[in-house]
Amino acid sequence: MIHPLHNMTLKGVIWYQGESNANFNRDLYNCTFPTLIEDWRQTFHSGSQGQTDRLFPFGFVQLSSFLSHANSDDGFPQIRWHQTADFGHVPNLRMPNTFMAVAMDLCDRNSPFGSIHPRDKQTVAYRLHLGARAVAYGEKMLTFEGPLPKKIELLAHKGLLNLMYSQQILVQRQDDKIFEISCCRDHQCKWLPAPMNTFSTQSLALNISSCDGALVALRYAWTTWPCEYKQCPLYHPSSTLPAPPFTAFIANQMLGYHSKAAK
């Protein structure tokens with residue numbers, strides 16, 4: 001359906017992610033989605049005889065929420081993560097000149113089109129337009145992404161995991177379940193809730209006292225329906241940009257050492 005348009009000259013593309021890949025080649029999506037972007041760029045650049053920029057800006061909507069009776073391993077969190085090529089944010093080294101609108105907090109239980117199709121597209125458009133202004137039009141000093149941890153520090157003697165952010169955070173509410181830690185003992189690992197504890201303008205501490213083994217990973221909003229409408233715990237202070245979902249290995253478990261999120 002796209003090929004007949006390949007001779008057109010484009011400024012950029014916006015992609016609205018559907019849910020089908022949650023059950024179709026899900027584990028390959030961190031490869032196939034960046035490859036699609038690269039293929040479209042090459043195809044439209046060649047088809048327009050060079051008039052379309054070879055690295056034209058590509059914006060996309062991260063997979064939204066969905067009412068499901070399945071557990072957190074039903075594919076939605078993985079697809080959201082794979083949409084960023086497993087970086088958690090864009091643009092990145094594998095996906096240059098891209099921007100993303102997080103939509104997991106736009107839950108719509110009563111949508112006549114089904115919960116997978118939330119009716120609030122104005123917020124989606126607003127988040128996309130921030131990315132377009134920054135990436136496609138080069139507007140400087142414009143925040144277009146929600147907060148993502150830049151460093152994770154294990155404070156084992158306090159039973160805390162400290163997350164440090166590169167930008168300010170707004171803790172809209174404290175949540176006991178949206179953060180989870182992978183705790184391993186006797187060669188078995190399980191995910192446990194890590195309740196939100198104290199916080200400041202650029203840091204957040206999680207209670208990890210429930211783990212009596214080795215803490216090896218952390219994840220945030222790793223479920224199909226992480227919160228109600230615009231009620232996720234973490235946002236940029238503007239209240240318009242939610243913190244995106246992520247998963248990270250804890251690289252160093254020794255007391256007092258800094259552990260960085262896997263990227």
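**Figure 1. Contact between domain 1 and domain 2.** In this predicted model, 28 residues of domain 1 are in contact with 22 residues of domain 2, contact meaning heavy atoms within 4.5 Å. Domain 1 covers 3–137 and domain 2 covers 149–249 of the protein chain; the bounds come from an automatic or database domain assignment. The C-alpha centres of domain 1 and domain 2 are 25 Å apart. About 2000 Å² is buried between domain 1 and domain 2, with carbon and sulfur atoms giving 65% of that area; buried area is the accessible area (1.4 Å probe) that two parts lose on being put together, summed over both. Of the area that domain 1 buries against domain 2, Trp81, Met104 and Asp105 supply 28%, more than any other three residues. Residues are numbered from 1 along each chain as its sequence is written, and side-chain values use heavy atoms, with hydrogens and water left out. Because the model is predicted, local features need pLDDT of at least 70 and side-chain atom pairs count only at pLDDT 80 or more, whereas totals for chains, interfaces and linings use all residues.

**Figure 2. Polar and charged pairs across the domain interface.** Across the interface of domain 1 and domain 2 there are 2 salt bridges, each defined as a side-chain nitrogen of Lys or Arg within 4 Å of a carboxyl oxygen of Asp or Glu. The interface of domain 1 and domain 2 also has 9 residue pairs in polar contact, both residues being at pLDDT 80 or more. A polar contact is a pair of N or O atoms within 3.5 Å; within protein, one must be able to donate a hydrogen and the other to accept it, and residues adjacent in sequence count only if both atoms are side-chain atoms. Helix 2 (76–82) and helix 3 (121–136) each supply at least two residues of the side of domain 1 that touches domain 2. Helix 2 gives the largest share of that side, 5 residues. Helices (H or I, at least four residues) and strands (E, at least two) are DSSP runs, numbered from the N terminus.

**Figure 3. Salt bridge of Arg54 and Glu38.** The closest N and O atoms of Arg54 and Glu38 are 2.4 Å apart in this salt bridge. The pair links distant parts of the chain, 16 residues apart: Arg54 lies in the loop between helix 1 and strand 2, and Glu38 in helix 1. A salt bridge also joins Asp120 and Lys230, with the closest N and O atoms 4.0 Å apart.

**Figure 4. Backbone geometry at Gln49 and Pro91.** Gln49 has a phi near 55°, a positive value in a residue other than glycine. Gln49 is placed in the loop between helix 1 (29–47) and strand 2 (58–61). Val90 and Pro91 are joined by a cis peptide bond, with omega about 0°. Pro91 is in the loop between helix 2 and strand 3 (98–101).
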